[in-house]
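The sequence and structure are shown below.

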Amino acid sequence: HPVMFRGSSMEINFATSSLGGVRILLCDEDGCPMEGYDSGILFGDSTARPVEFEKPADALNGVPVRIRFELTDADLYSFRFV
């Protein structure tokens with residue numbers, strides 16, 4: 001389902017193996033990835049890892065988006081916009 005958020009950045013609580021990773025894409029309402037909103041592959045173990053996109057996340061405040069999480073040998077516990 002599409003979500004709307006308020007905030008200037010995204011944080012995730014996650015853990016990966018040494019070979020795993022998490023990739024986050026912000027997509028339009030139809031599920032198509034939006035240009036400039038691909039996190040690339042993130043790895044590690046953090047309770048509040050900032051997610052950086054090429055474009056600022058706050059440009060999407062109040063806009064319905066879908067969030068695609070791609071996990072490879074990883075656990076995603078939570079995410080939030082701050």
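## Hairpin and pairing of strand β1

In this predicted model, strands β1 and β2 form a hairpin with five residues between them. Within the turn, Gly31 has a positive phi of about 95°. The two strands pair in the antiparallel sense over four bridges, and Val22 of β1 has Leu42 as its bridge partner in β2.

Strand β1 is mostly covered, with 14 of its 18 residues buried. Thr16 lies in this strand, which spans residues 10-27. Its relative accessibility is 18%, and Thr16 therefore counts as buried, the limit being under 20%.

Which residues does Thr16 touch, not counting those up to four places away in sequence? The contacts are Gly21, Val22, Leu42, Phe43, Gly44, Asp73 and Ala74.

## Salt bridges

The whole structure contains four salt bridges. One of them is formed by Arg80 and Glu11, whose closest N and O atoms are 2.9 Å apart. This pair links distant parts of the chain, since Arg80 lies in strand β4 (residues 66-81) and Glu11 in strand β1, 69 residues apart. Glu11 is buried, with a relative accessible area of 17%.

Arg23 takes part in a salt bridge with Asp38, at 2.5 Å from N to O. Here too the pair links distant parts of the chain: Arg23 belongs to β1 and Asp38 to β2 (residues 33-42), 15 residues apart. Arg23 also forms a salt bridge with Glu70, the closest N and O atoms being 3.4 Å apart. Glu70 is in β4, 47 residues from Arg23 in β1. Salt bridges that share partners join Arg23, Asp38, Arg68 and Glu70 into one network.

Are Arg23, Asp38 and Glu70 buried or partly exposed? Arg23 counts as partly exposed at 27% relative accessibility. Asp38 falls in the partly exposed class at 32%, and Glu70 does so at 29%.

## Cysteines

How many disulfides does the model contain? The count comes to zero. Cys27 is in no disulfide, and the nearest cysteine sulfur, that of Cys32, is 7.6 Å away. A disulfide is a covalent bond between the sulfur atoms of two cysteines. Because the sulfur of Cys32 is 7.6 Å from the closest cysteine sulfur, in Cys27, the separation is too far for a bond; the cut-off applied is 2.5 Å.

The accessibility of each cysteine was also computed. Cys27 is buried at 2% relative accessibility, whereas Cys32 is partly exposed at 43%.

Key: Residues are numbered from 1 along each chain as its sequence is written. This is a predicted model: local features need pLDDT of at least 70, side-chain atom pairs count only at pLDDT 80 or more; totals for chains, interfaces and linings use all residues. Side-chain values use heavy atoms; hydrogens and water are left out. Buried means under 20% relative accessible area, exposed over 50%, partly exposed in between (1.4 Å probe, protein chains only). Contact means heavy atoms within 4.5 Å. A salt bridge is a side-chain nitrogen of Lys or Arg within 4 Å of a carboxyl oxygen of Asp or Glu. Two strands pair if DSSP finds at least two bridges between them.
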